Amino acid sequence: MKKTIYILLLMLVSLNASAYDFLRPVKNQIPGGYDFWVYTPQDYFYSLETTPVVIFLHGASLCGHNLNRVRRYGPLDAIVKGREIDAITVVPQNPGGAWSPKKIMQVLDWVKANYKCDSTRVYVLGMSLGGYGTMDVCATYPDRIAAGMALCGGTSLHDVSGLGKLPFWIIHGTADRAVSIKQSEVVVDKLQNSGNDTRLRYNWLQGANHGTPARIFYLKKTYDWLFSHSLVDKDRPVNKDVTIDLSDIHKAYSDIHSGVPNPEIIDGPSITTGNEY
């Protein structure tokens with residue numbers, strides 16, 4: 001009898017766990033703020049308040065008011081293709097213009113109020129316009145972001161000293177004609193010249209164009225590197241053990257488990273809010 005009950009409990013846990021593999025569109029929840037997607041990983045049932053948060057900022061081509069556009073590339077597309085990202089993955093849509101660090105923090109605050117998560121393990125990454133947004137957000141709120149990664153971007157800020165306060169990785173192709181590598185080089189030079197580069201990493205991808213770095217969002221290494229950092233780390237050192245180069249980018253899809261079911265899209269209240277547990 002006890003064995004039967006135990007098996008039933010395991011089945012119930014399994015069913016509950018799989019119920020969390022979903023995508024939720026969040027619209028008109030933040031007055032004057034961004035609409036966004038929230039992906040909740042399958043193992044969320046087990047991780048809850050230890051679940052990290054990944055925020056992805058897209059490029060200019062995905063700006064607008066059709067939220068489905070922001071699923072064309074980046075972490076959400078990687079998840080659909082079979083890449084496991086064990087994090088609450090948040091993808092806001094920028095209607096146009098520069099990304100607003102304040103509005104990104106409003107999205108994060110909404111997520112924290114509605115989902116159990118680890119607020120010491122929040123990560124921001126983006127490319128092109130989203131690379132600018134990533135630098136701007138991380139430089140403005142380094143005390144809220146555990147680590148950041150900006151691809152083929154730059155910054156609109158004159159003072160980039162905040163980027164020296166958190167582990168930060170800048171990647172840019174040398175043949176980028178859409179956003180010149182000089183935009184990233186300026187940031188690196190400022191941090192180096194001020195002696196504020198101890199937590200900085202940067203890679204210049206030889207011969208890579210503007211679109212090449214996009215495959216980095218599909219690499220397991222990307223998320224391994226991000227997740228290795230936390231706000232509670234003493235002195236917040238940067239992980240230099242993980243490397244990403246063109247050879248990794250060329251085989252970005254090689255270990256993705258294709259054929260997995262797509263996350264279920266739900267439209268309604270989150271299953272787990274901050275007040276339920």
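1. Two strands count as paired if DSSP finds at least two bridges between them; helices (H or I, at least four residues) and strands (E, at least two) are DSSP runs, numbered from the N terminus. On that basis, Val54 of the chain has Tyr123 in S5 as its bridge partner. The coordinates are a predicted model, in which local features need pLDDT of at least 70 and side-chain atom pairs count only at pLDDT 80 or more, while totals for chains, interfaces and linings use all residues. Residues are numbered from 1 along each chain as its sequence is written, and side-chain values use heavy atoms, with hydrogens and water left out.

2. The bridge between Val54 and Tyr123 belongs to the pairing of strand S3 (residues 53-57) with strand S5 (residues 122-127), which run parallel and are joined by five bridges. Helix H5 (residues 129-140) packs on the sheet and touches S3, S5, strand S6 (147-151) and strand S7 (168-173); contact here means heavy atoms within 4.5 Å. The direction of H5 makes about 145 degrees with that of S5, where axes are lines fitted to C-alpha atoms, for helices over the stretch in contact, and angles run from 0 to 180 degrees between N-to-C directions.

3. Helix H7 (residues 220-227) also packs on the sheet, touching S3, S5, S6, S7 and S8, and its direction makes about 145 degrees with that of S6. Thr222 lies in H7 and is buried, with a relative accessible area of 0% (buried means under 20%, exposed over 50%, partly exposed in between, with a 1.4 Å probe and protein chains only). Not counting residues up to four places away in sequence, Thr222 touches Leu125, Met149, Ile216 and Ile244.

4. The sheet as a whole is open and mixed, with nine strands in the order S8-S7-S6-S5-S3-S4-S2-S1-S9. Strands S8 (200-205) and S9 (264-265) stand at the edges with a single partner strand each, so one side of each is left without a neighbour in the sheet.

5. Strand S2 (residues 35-40) is mostly covered, five of its six residues being buried. Strand S1 (residues 22-26) pairs with S2 in the antiparallel sense over five bridges, and Val26 has Phe36 in S2 as its bridge partner. S2 is also joined by five bridges to strand S4 (residues 88-93), again antiparallel; Trp37 has Val91 in S4 as its bridge partner.
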